Amino acid sequence: MAAPETPQPTTLRHAFGNVLSLFVLLLIGVLAFSIRLFSFLTKNGVYDFWNWFDDRTWYPLGRVIGGTVYPGLTLTAGALWRIFNSLNIPLSVETVCVFTAPIFSAFASWATYLLTKEVKGAGAGLTAAALLAMTLNTGSLFYATLNAIAYFYMVCSWGGYTFIINLIPMHVLLCIVTGRYSSRLYIAYAPLVVLGTLLAALVPVVGFNAVMTSEHFASFLVFIILHVVALVYYIKGILTPQMFKVAVTLVVSVGLIVCGAVLAVLVALVASSPTKGWSGRSLSLLDPTYASKYIPIIASVSEHQPPTWPSYFMDINVLAFLVPSGIIACFLPLSDASSFAVLYIVTSVYFSGVMVRLMLVLAPAACIMSGIALSEAFDVFTRSIKFQLHGATQNPEANAGEGSNVDVVKTEKSEDSPKERASRKSKKKEKENVERASLVSRIEKRLLVLPMEASLIAIFLLVLLGAFYVVHCVWAAAEAYSAPSIVLTSRSHDGLHVFDDFREAYGWLRHNTEVDDKVASWWDYGYQTTAMANRTVIVDNNTWNNTHIATVGTAMSSPEKAAWDIFNSLDVKYVLVVFGGLVGYPSDDINKFLWMVRIGGGVFPHIKEPDYLRDGQYRIDSQATPTMLNCLMYKLSYYRFVDTDGRGYDRVRNTEIGKKYFKLTHFEEVFTTHHWMVRIYKLKAPRNRIRGKTKKSKSKGSSTTSSKRSGARKKNPWH
Amino acid sequence: MAALILSFLVFSISLLVKTSLSSPSDLQILHAERQLQKFVECVLMGSIILQQVENIGDTPTSEVLLAFPPAQFDHLALVKAAVTVGKKRKKSYVPLEVNPSEQPEAPNGTKFYAISLLNPLAKGESTTLEILYILSHSLEPFPVEISQSESQFVYYHDSAVVLSPYHIKQQATLFKTPSNKVESFTQVEPTYLNGAELKYGPYEDHRPYSYYPIIIHFENNHPFAVVEELEREIEVSHWGSVQVTEHYKLAHAGAKHKGVFSRVEYQSRPGASGVSSFKHLLAMLPPRVHSVYYRDDIGNISSSHLRTSSKKSELLIEPRYPLFGGWKASFLIGYGVPLQDFLFESAVGERYLNFSFGCPIADTVVDKLTVKVVLPEGSKDPSVKVAFAVEQSLEKKYSYLDVIGRTVVVLEKKNVVPDHNIPFQVHYKFNQIFMLAEPLMLVSAFFLFFITFVAYLHIDLSLRK
């Protein structure tokens, strides 16, 4: 019995290491924004928070924060901050925000542990899952309520709650279909749907979406089915078999008609909405090619790209190999809880395959599975060692006279060679053996026993594996997830070189521009600009308004004058571009530029992607199209770049730029950071109308661009 | 209360007597020599040597008045005076007390400092005084805005003669500009310009309150690093460390940068482009400094270097971006120093903290300096000894696990120059037993926590047995 206890700490640690890293991943992205939210929260209190209309972003539209944000984490951090400060522990806002992550990962690993325990025995959603599992086994209404509350918290924190609300009905359905319906299932599920939906509707950002969108539809459908099944079971209980048969035919015929009618109405309703009631993000989950076809803005986010194999290995490491064996272990005695785990892993593997971001969902599932696998493996090895030791101590007695014991030893030895082979083959075999063993008797148990040396070595190897995994997790958490993407470092022969250009630029904006100035940039830098530079932005990472983003994209892909018109109509004072060509920073605006073109062109059709491509190739060298070489993004990125090395060699694209010497007429460079990674331009004030001069400047431009320019001006959305 | 009023009365009477005694016209000055030169970046240092200040009145006088025009008076950061004792070789200086003084009948709002002499000057006696004063913010950039490639020029307004309530028989003023480029200067004959030295005078027999306004326009590419606001928080912990946190609001107070900032020019031609800008500052920290950090609102600033030796520590800090005229930056420097270097016990049994007052960054002026000394929780009767006038007040601060709060001594001073970087003392009483309060609190809290759990696990609260 001592054996099963050993794997648990390892499971816990694994879960911890991994969930920690993934939580940090989630939080870093939102941190900049959260801190701002949170400082508002601490200053103004909860009620103002709900009604906060943020006019620093999405200028001139603004953003209703209370209605568009998942407030869970912010409120938690706010509560923590309150508690600490009332105890005279003056922690800063940032400190609390940063430490919320480890606290949550600790909770997450605890929840994973509970869930694993239930199965064999993610984030807040994990708690919900764990509690669900607990409810299934205990059938207590108390846990069901807790579960609903945990679900509520999940809804508060993250849009990924839809995963849970679809996963749970799937599991319930699976249980019903496989004939595992019980009153406990009913108690576990029904309160969750009722309470959970009510609570979710309380969160402003979800609101009536909780009952109106198709994402939540599955849960209601299953809810109905569950009730029907429950009714059927009930009726079956009180009626005689004959009566029951009659009732069934009656109910089924009537029921089919009613269901058909309801279904038709629903289908008609759903089909009447253009996206069939599904939000774009969810659609891109179901159909991985959906986003790139229809919504460039969703596809443009790197988090929404399908992950590569290395990223799987990076994130879950050895777990990737342990998961399959864990799944098999789950199937051996398939219980309600373990079927849930299997369903969980299967769906999360699918979803993580669609979007990198959803690796977050996979992590806990992978942890659970590999935890189970490891636990099983340890179980086998430690039991065989125990048996061997036991056998060894008994051997003298056996020699003293008892034949049966000698027989035991003999059979054991005779079984040794095939067992060794089995152990060499794979773990799966062992698992099966374990199961067979637990099923029947002590003779079969004896079949399981591995030789002492083999099991010792195997345990040693497993521990080593675990140790390496812990090392990897710590490394990943420290290097990959905690290293802020805003400060870049490179190691050279003379030590560490720091590229702190982003903060340099934001710091400059913060101190040297007027408080009311508006800064336009691609939306990736929106949150950072509001948080670090404290200036109003046009678009930011909360990409709720595609048209507005498309406007900025259009401006960036237009020639200077048209861009100036758009920006000026938006009251923009400064334009910020990120340029990596000097130091070789690949995720700069030129590399993102095609997305701007696509998103802009999606709304304003005069921006056409082929105009920026030469024979379908995106290039900025001398072969590039004139539209490309004259667009604002090109000009702002490469303005006076040729003066640095004399030939304008772009270290990211590994080519010389196409247009080297040009002047800016409507923008002026006001700041460029040390490594040129961020360049800030100011919109020049409109020139006084002197007839001769304006004519001259017009005639300077080449004929093709001027014709395009006039065309662009006509279609400029802001006039 | 009565005693207070009485003493006030006595004080005012004595003041009256004093002012009546030293009627300004009773003195005359044989020879005055004034010299003005750069002190640090945007600060001028003036020195006046008044030779043979002679009492020509009947009554002995113990006060000599120094006059300043009101505009200059506001920028005066420091005025020091000394009397010279002995002849040439054996000359030595004895510092004298200088205080602002009010003279209601002075023309044009002239402001005064009164130098108190060691011995009253009897009739016919004479003495020689040396005065040193520091003027901050007295250089006015003109043109007000310059582009990246231009140099910075400044105006300096003053008078060709020393403003004085006394008759000065002979005087001269020497003005040293930081570079040879003097664009223009007001001529008050005789005036000579020799390289970087501009000499006004000698002038003979000027009546009291003579004033000849002059403007000197010259090149000054020294960056005007001005700390607009500095808050130093010095937190004393009897567990062995003094923690200092300094919040800076830095600005380049020179000619404002205009138009384009071109990085390529700034990097490729450092001598010709942005000559009046600066990109690093040097902070002189105490020796044995530890855990130094340099950050701002958005996190650590990675560009800083610390050199430590047994005598001093030098912290070279680079703001996030080079500062051009009118640009601003704010940041935070923090460090810890060992307690025994700064905390001492006086003979009375009191403790006192001995710490330097001014800004540790070299060559800067601080417009508004606030020094907050956070004494440990439970300390009593704080009193401050500073060598110059500061505003004092007391505050309470609640830090980690404080119950009654810590006493904070707040000292405020405007217009602080490096000369104010001298130690000040805060005396207070502290009982060592208070050091144990917080650890005991924590221990008991955890103890109670565990005890509650142990109790909970051992008590059976169910109704049925």
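Predicted model: local features only at pLDDT ≥ 70, side-chain atom pairs only at ≥ 80, totals over all residues.

The stops below visit some of the pairs in chain B.

Begin by selecting Glu314(B) and Arg307(B), whose side chains meet in a salt bridge with an N to O distance of 3.1 Å. Glu314(B) is buried, with a relative accessible area of 15%, whereas Arg307(B), at 47%, is partly exposed.

Next, select Glu395(B) together with Lys372(B): the two form a salt bridge in which the closest N and O atoms are 3.7 Å apart. This pair links distant parts of the chain, for Glu395(B) lies in strand β29 (residues 391–397) and Lys372(B) in strand β27 (residues 365–374), 23 residues apart.

Move on to Lys429(B) and Asp381(B), which form a salt bridge with their closest N and O atoms 3.4 Å apart. Again distant parts of the chain are linked, Lys429(B) being in strand β31 (residues 423–429) and Asp381(B) in strand β28 (residues 380–385), 48 residues apart. Lys429(B) is partly exposed, with a relative accessible area of 42%, and Asp381(B) is likewise partly exposed, at 46%.

Finally, which residues are joined into one network by salt bridges that share partners? Select Glu233(B), Glu235(B), Lys397(B), Asp402(B) and Arg406(B) together to display that network.

Conventions. Residues numbered from 1 in each chain as written. Chains lettered and ligands numbered in written order. Heavy atoms only, no water. Salt bridge = Lys/Arg side-chain N within 4 Å of Asp/Glu carboxyl O. Buried < 20%, exposed > 50% of the residue type's maximum accessible area, 1.4 Å probe, protein only. Helix = DSSP H or I, 4+ residues; strand = E, 2+ residues; numbered from the N terminus.
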